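Okay, thanks for coming, everyone. Let me put the structure up on the screen, and then I'll walk you through the parts I picked out.

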Amino acid sequence: MTDVAISNPRPAPRAPTPWERLKVNRNWLAMWFMLPTAAFLILFLAYPLGLGVWLSFTDARIGRSGVFIGLENYDWLSDDPVFWLSVFNTLLYTIVASLVKFAVGLYLALLLNQHMPFKAIVRAIVLIPFIVPTVLSAIAFWWIYDAQFSIVSWSLRHMGLIDGNINFLGDSWNARWSVIFANIWRGIPFVAITLLAGLQTVSPSLYEAATIDGASKWQIFRHITFPLLTPIIAVVMTFSVLFTFTDFQLIWVLTRGGPVNATHLMATLSYQRAIQGGHLGEGAAISTAMIPFLLAAILLSWFGLQRRKWQQGESND
Amino acid sequence: MTDFTRRTLVQGGTAAAAAGALTGPAFLEWSKAWAQAAPWKPEKDAQLSILRWKYFVQAEDDKFVELMEAFTKATGVKITISRESYEDVQPKASVTANTGAGPDLFWGLYSLPHLFPQKCVDVTDVADYLGKKYGGWVPSAVKYGKEGNKWIGIPICYTGSLMNYRIAASQKAGFSKFPTKTDEFLEYVKAMKKNNTPGGFALGHAPGDGNTWVHWCLWAHGGQHVDASDKVTINSPETAKALNYAKALYDNMVPGTASWNDSSNNKAFLGEEIHWTNNGISIYVAANKDATKKHIADDMNHAYYPVGPVGKPTELHLMFPILAMNHTKYPQACKTLIAYMLEADNFNPWIAAAQGYLTHCLNAFDANPIWTEDPKRTPYRDVAKRSLTAGGLGSNGEKAASAISDYVVLDMFASFCTGKDDVKAAMSNAERQLKRIYRS
């Protein structure tokens, strides 16, 4: 018996088949879990983006697929003063509005972070401009800026400060500042409330320690609040810049890009040419031309976020 | 007691068209009789969906819905109506034409059927039937409706854009009647401004009021954006004359017109900030409806645009043609419906409900009392006859549609009037854009 047992050793355990291995492979499983998300992203983000870029290389019109024409759309746009005007307007709009939104938003956040009566209500009120649908607030601004019925002109006239109505939206530069102001009004709450959330994560013990060390208010802000706030500032400003750069509704309701294209942003010009004018290819090229600017904004904050100096203060490398 | 037979109804209906509208059960009886006698028979179990431009006058839409309901009762064809702002009908129609899915009928702006002529149901028989019955089509309607020898759409109506002015202020400025020549009109505009009763034309991106007046001004001076072979001809001495004329007007308008959209002049006129402008009849209708604005209605009137150096009317009005897509499963039902809409018994009360906002394209409807019972409406009766087409001398297809919706001519005028560009730059910018739109 024993001999038999010795001479017939138990077969070595069979190597698992690839399928069996796959069944317990966590990466394989993870892939399946991620598939719905990936499908969603590809279908609703990557595909439209890719299609948009492809359209920009064609002479597609609404209702008719075009043929590949290479860089012809871009070539035409590079020589189109209206397009360059819209690029200028978009940059001006984004830079000025984002900077002011940041400065005022931060100031507001610091104020709201103080202890004061009715804190919760005041914070809720600040959010109102952000809650109101853009189209609705744009229509309100349209009345405020009306050439004949502006409340601002009316008030100033009755105070005897001006003789005629202010030509808010009929003069190129007035119109630009007017739409920028409307955008700032609408965008500040987002910046303020998000920065306020950031402020509340700063540990009070740091402030206490600084106060004991005799730091002034400015020093506290400069060396504690601001450095600790930088990561959230980077995120907020990225979003703010992206929203502002791609703004459409406000301009469309207020001016439709007028007067004489002085307030056309790339997004509104793209819509006018693609949907209203029917030149899908050209409109897609204008939209595609926005991508480099948006990428630059994203990369800037991305690398900013990676830097610990930004995140944790200057001395921490 | 009413005892209608099919024949008396059909005959009586057309004869008594202008005299008065049928209502209630009589109208339904008439509709049924009409449907039996009509040259087209809707397919069995037909259903239609129609996309129309969003109304300006609520009563007009109510009447339209009433017509559709009567049609359903008379023929059994169910109709679904959807509405879009008039500049948004075109993109939707284009997509439908391309994909072959969507509404059966589109009722949109200007040259809509010409954007995809091969996708439209041939409605020549409907056009001939209506034309023969109602005194023929006006020339601009034929241009909008026909592609070659075939009718690809039926011009339902126009919305007129004419001069609106305050009577007392004009008289005070020394004009007992509204100027009929452009030179005289410039004097008028200057005098009105001097009297502190200025007016204005929209120079912002106003698809209706803005586009109509700049095209009038361009054509009045002999300028054309393209010639008969679609060659771009905007850069011309005539255009320069038109621009200079417009600038002289602009300098005497109320400030802020460069920011105006389609509703700005309505607001300003009703707010008594301006005393002349170009518009449909909506200001007058609104003023009449509001007791506090009644004095404006009483003191305002309408006039044709002044005639320029070319010596003939050069007006552009908004045309609303209807077309049936050839993907429809029910072409006969589509034709029946279109013919039904334009039958006198339907069309007359409908046009009356619109209170002058819509103008017919068939000559016989001139007799509708709506145009004469209030003489202030009368000028709008003639807008279809006076209108030129959106393509100017050139074709009426998608190129003309693109040029209008991209505001090429409007921006040319605005950029010169506001001092952004000089004449040369304004013209060459427009020329450059047009050449691209009109490239073959």
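Predicted model: local features only at pLDDT ≥ 70, side-chain atom pairs only at ≥ 80, totals over all residues.

If you want to click through them, the buried ones are A:Met266, A:Ala267, A:Thr268, A:Leu269, A:Ser270, A:Tyr271, A:Gln272, A:Arg273, A:Ala274 and A:Gln276. And just after H14(A) you'll find A:Gly278, which has a positive phi of about 85 degrees.

Chain A puts in 29 residues and chain B puts in 34 residues. On the chain A side, two elements give two or more residues each: helix H10 (172-199) and helix H14 (266-276) of chain A. H14(A) is the top contributor on that side, with four residues. As for what kind of residues chain A brings to the contact, we have ten nonpolar, 16 polar and three charged.

Now let's step back and look at chain A by itself. Chain A has 16 helices and zero strands. For 317 residues, a compact globule would come out with a radius of gyration near 20 Å, but chain A has 29 Å. Along the principal axes, the C-alpha atoms of chain A fill a box of roughly 120 × 70 × 35 Å. The buried share of chain A is 34% of its 317 residues. And if you take contacts in chain A between residues at least 6 apart in sequence, 68% of them join residues at least 24 apart.

Okay, over to chain B. Here we get 21 helices and 13 strands. How does the radius of gyration of chain B agree with that of a compact globule? Well, with 440 residues, such a globule would be near 22 Å, and chain B has 22 Å, so the two agree. The box for the C-alpha atoms of chain B is roughly 65 × 55 × 30 Å along the principal axes. In chain B, 58% of the 440 residues count as buried. For contacts in chain B between residues at least 6 apart in sequence, 77% join residues at least 24 apart.

Domain 1 covers 23-158 + 317-387, and domain 2 covers 162-314 + 406-437. Their C-alpha centres sit 30 Å apart. Each side of that contact is made of 14 residues: 14 from domain 1 of chain B and 14 from domain 2 of chain B. On the domain 1 side, the elements that give two or more residues are helix H17 (378-381) and helix H18 (383-386) of chain B.

Next, one of the sheets in chain B.

Strand S7 (residues 162-166) of chain B pairs with S9(B) over four bridges, antiparallel. In that pairing, B:Arg166 has B:Met300 of S9(B) as its bridge partner. S7(B) also pairs with S8(B), again antiparallel and over four bridges. There, B:Leu162 stands opposite B:Asn279 in S8(B).

So which residues cover the two faces of S8(B)? On one side you have B:Trp276 and B:Asn278, on the other B:Thr277 and B:Asn279, and all of those are buried.

Last stop: B:Tyr250, which sits in helix H10 (residues 237-250) of chain B. Why does B:Tyr250 count as buried? Because B:Tyr250 has 21 C-beta neighbours inside 10 Å, and the cut-off for buried is 20 or more. B:Tyr250 and B:Gly199 are 51 residues apart in sequence, yet their C-alpha atoms are 9.6 Å apart in space.

That's my tour, and I'm happy to go back to any of it.

Note on methods: Residues numbered from 1 in each chain as written. Chains lettered and ligands numbered in written order. Contact = placed C-beta atoms within 7 Å. Nonpolar A, V, L, I, M, F, W, Y, C, P; charged D, E, K, R; others polar. Rg over C-alpha atoms; globule rule 2.2 N^0.38 Å. Buried ≥ 20, exposed ≤ 12 C-beta atoms within 10 Å, placed from the backbone. Pairing = 2+ DSSP bridges. Domains from an automatic or database assignment.
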